[in-house]
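Trainee: I have not worked with this one before. Can you take me through it, piece by piece?

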Amino acid sequence: MMNPADAAFVTREWIKPKMVLPMHYGTNPFLKGTPAEFKAALGQTSIKVLDDWQPGQVKEF
């Protein structure tokens, strides 16, 4: 299981997406990070973090 810093590293250095939607945080006791911690761990990057979604909300791309 990854913490926010590990997830940010993998996202930034290996996956390199244009956008990312944090969604597995808080799903079990071992995933204690938050989208804000993930976003902070990403640092200065062009990757857009979609951290303002709410359950059931729909967005189109």
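**Helices, loops and contacts**

Mentor: Start with Lys 16, which is exposed at a relative accessibility of 57%. Buried means under 20% relative accessible area, exposed over 50%, and partly exposed in between, using a 1.4 Å probe and protein chains only. The model is predicted, so local features need pLDDT of at least 70 and side-chain atom pairs count only at pLDDT 80 or more, while totals for chains, interfaces and linings use all residues. Residues are numbered from 1 along each chain as its sequence is written, and side-chain values use heavy atoms, leaving out hydrogens and water.

Trainee: Where does Lys 16 lie?

Mentor: In the loop between H1 and S1. Helices (H or I, at least four residues) and strands (E, at least two) are DSSP runs, numbered from the N terminus.

Trainee: And what is the phi of Lys 16?

Mentor: Near 55°, which is a positive value in a residue other than glycine. Most residues other than glycine have a negative phi.

Trainee: OK, the helices. At roughly what angle do the axes of H1 and H2 cross?

Mentor: Roughly 50°, and the axes come within 8 Å; H1 covers residues 4-15 and H2 covers residues 35-42. Axes are lines fitted to C-alpha atoms, for helices over the stretch in contact, and angles run from 0 to 180 degrees between N-to-C directions.

Trainee: Parallel, perpendicular or oblique, what do you call H1 and H2?

Mentor: H1 and H2 are oblique to each other. Angles under 35 degrees count as roughly parallel, over 145 as roughly antiparallel, 65 to 115 as roughly perpendicular and the rest as oblique.

Trainee: Which residues are buried in H2?

Mentor: Pro 35, Phe 38 and Leu 42. Seen down the axis of H2, the buried residues fall within an arc of 60°, so they line one face of the helix. The arc is that of the directions from the helix axis to the C-beta atoms.

Trainee: What do the buried residues of H2 pack against?

Mentor: H1, strand S1 (19-20) and strand S2 (48-49). Ala 36 and Ala 40, on the other side of H2, are exposed.

Trainee: What follows H2?

Mentor: Gly 43, with a positive phi near 70°.

Trainee: Back to H1. Which residues are buried in H1?

Mentor: Pro 4, Ala 8, Val 10 and Thr 11. They cover an arc of only 165° around the axis, which puts them on the same side of H1. The buried residues of H1 pack against S1 and H2.

Trainee: What does Thr 11 touch?

Mentor: Lys 16, Pro 17, Val 20, Phe 38, Leu 42 and Ile 47, if residues up to four places away in sequence are not counted. Thr 11 is buried, at 7% relative accessibility.

Trainee: And which residues does Val 10 touch?

Mentor: Met 2 and Ile 15, with residues up to four places away in sequence again not counted. Val 10 is buried too, with a relative accessible area of 16%.

Trainee: Now the loop between S1 and H2. Is Lys 32 buried or exposed?

Mentor: Lys 32 lies in that loop and is exposed, at 71% relative accessibility. Met 23 has its place in the loop between S1 and H2 as well, and at 51% relative accessibility Met 23 counts as exposed.

Trainee: Last one: where is Asn 3?

Mentor: In the segment before H1. Asn 3 is partly exposed, at 39% relative accessibility. Asn 3 and Phe 38 are 35 residues apart in sequence and 8.3 Å apart in space, C-alpha to C-alpha.

Terms used
Contact = heavy atoms within 4.5 Å.
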